[in-house]
Amino acid sequence: MRSLINIACFICVLFTVSTNADMTESKDVVVVVLSQKEGYHAAHADYLRKSIYEQANTLEKVAPEIVLSHELLIKDSWTITSLLIHLSSAFPNARWFFFCLENTVIRLEKLLDVLGRFSASLDIWIGHALYDHEPTIIHHFEKHTKKFKYPNIASGFAMTSKLLKSLSEEISKGRAPKPDFSIDSSYEFASFVLKSANAVRLTHVSKICVVSGSDCATYPRFFHPCSSSISPENVYFAVKTCSKFHKDRIPVIKQTWAKHAKNIGYFSDTADKYLRNAYVVPNTTEGHCAKTYAILQITSDIMKRDNLDWLVISDDDTIFSVARLLRLLTCYNPDNSVAIGERYGFRTWDNNHGYNYLTGGAGVVLSAPLVHRMVETVICVCPSDITPDDMHLFGACFLRLGYIHSQPVHSPLFHQARPMDYATAYLASQEPVSFHKFWMIDPKVVYDEWFAEADSILSESPRHTEL
């Protein structure tokens, strides 16, 4: 009798699996690319769109609907939640929505096969699941553990239309979170989904990959330079410091990445025996807006004098790969007003006062025309010496200048925190340009592990060896 019961249960399980699975056609899917307006990024998004169309044609299928978020002109679409109401109303017949980035590779046939293994009639979302080993600053030190999973957006994630519509209804009713700061959209969106009325957890799917493999339906494309690397002679590095860190932090900078910087200046409250060649600028214990604005004024003159293309503003506890940074800059035109770094959002839900900004600790790259423009107008002058410098100068200032539709360029290769603050699988899909903070780490070990090999192709400048 027990054997018959077991067989019956087994048949029941098989029946449940087969009825939960759906045949998914490409016409049932909306692909949402979280794209950016800047030319290099817009071109990559368009390339992805054309690739999907070509695959659909080869498969003799109707192509999926494809949305490039930067074309919608919806404010702060990178946070995902701001898109949901539009997507729900614009595509009422869709069964699945697949979200990804410009550099996500999609193998359409394999993706349709993955989606077909799940029922579109249920509240489901799937992706490559990441989790935190411990509370981290980039996730607001929330005490989620590996039980709380969030998707690697560069790999893409899929959500049933049923779930998306229910989430959009919650947003319409004012139930979406309204944080002061948006940092990691994938984590924050996953938290919203989990706290929603349906309380849906992300389902991990191994075929949504973090690195390329023959069985992968999707995976992130590694960055490739757009031309031969630009010369270090065209870039000026400005390091923000103060006297209390001259002895401990500046030697680390000089012994690691600064060896490869041809043009570098140290900006501090004083010059002393540990840093004799410092540019003296105003200093405060918080905010640092006056200090950073003074740096912009001084470096604007230096860039004009030496005909330099790029300015990199760095904290004295930021570690770079100079070689990777130079490779990244090949994809941007220094004759345009360009700002590149790691994007944060301040009250992005507030249509009147919210804005995006580049967080300073990760390092901020500014083109020469933008630097000159920032100091030649009163628009960017600091409201007070202690105003947060990155929020005002690399966010609110851009908004007032009307720079690139008020959107600085986000690159996931810049990092505001330490390597240990990121999920291992997240870092596996990229070649980082920077990390920040010397807290509870050996920064020289971080440089040797992550950047030394990449920088080995560059010559060292004897001007920047340790005194």
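Guide: Let's start with tryptophan 257, which sits in the loop between α7 (250-255) and β13 (263-268). Helices here are DSSP runs of H or I with at least four residues, strands are runs of E with at least two, and both are numbered from the N terminus. The model is a predicted one, where local features need pLDDT of at least 70 and side-chain atom pairs count only at pLDDT 80 or more, while totals for chains, interfaces and linings use all residues. Residues are numbered from 1 along each chain as its sequence is written, and side-chain values use heavy atoms, with hydrogens and water left out.

Visitor: Why is tryptophan 257 called buried?

Guide: Buried means under 20% relative accessible area (exposed is over 50%, partly exposed in between, with a 1.4 Å probe and protein chains only). Tryptophan 257 has 0%, so it counts as buried.

Visitor: What is tryptophan 257 in contact with, leaving aside its neighbours within four places in sequence?

Guide: Contact means heavy atoms within 4.5 Å. Among the partners of tryptophan 257 are Phe237, Ile264, Phe320, Tyr447 and Asp455.

Visitor: What makes α8 oblique to α10?

Guide: Helix α8 (residues 289-306) and helix α10 (residues 368-375) pack at about 130 degrees, with their axes 9 Å apart. Axes are lines fitted to C-alpha atoms, for helices over the stretch in contact, and angles run from 0 to 180 degrees between N-to-C directions. Under 35 degrees is roughly parallel, over 145 roughly antiparallel, 65 to 115 roughly perpendicular, and the rest oblique. That makes α8 oblique to α10.

Visitor: Which residues make that contact between α8 and α10?

Guide: On α8, Tyr293, Leu296, Gln297, Thr299, Ser300, Met303 and Lys304 take part, and on α10 Ala368, Val371, His372, Met374 and Val375.

Visitor: How do you know that serine 300 is buried?

Guide: Serine 300, in helix α8, has a relative accessible area of 1%, so it is buried. Leaving aside neighbours within four places in sequence, serine 300 touches Val371, His372 and Val375.

Visitor: Why say that the buried residues of α3 line one face of the helix?

Guide: The buried residues of α3 (residues 81-90) are Leu83, Leu84, Leu87 and Ser88. Seen down the axis, they fall within an arc of 130 degrees (taken from the directions from the helix axis to the C-beta atoms), so they line one face.

Visitor: And what makes α6 mostly covered?

Guide: Nine of the eleven residues of α6 are buried. What covers them includes α3, β8 (157-160) and α5.
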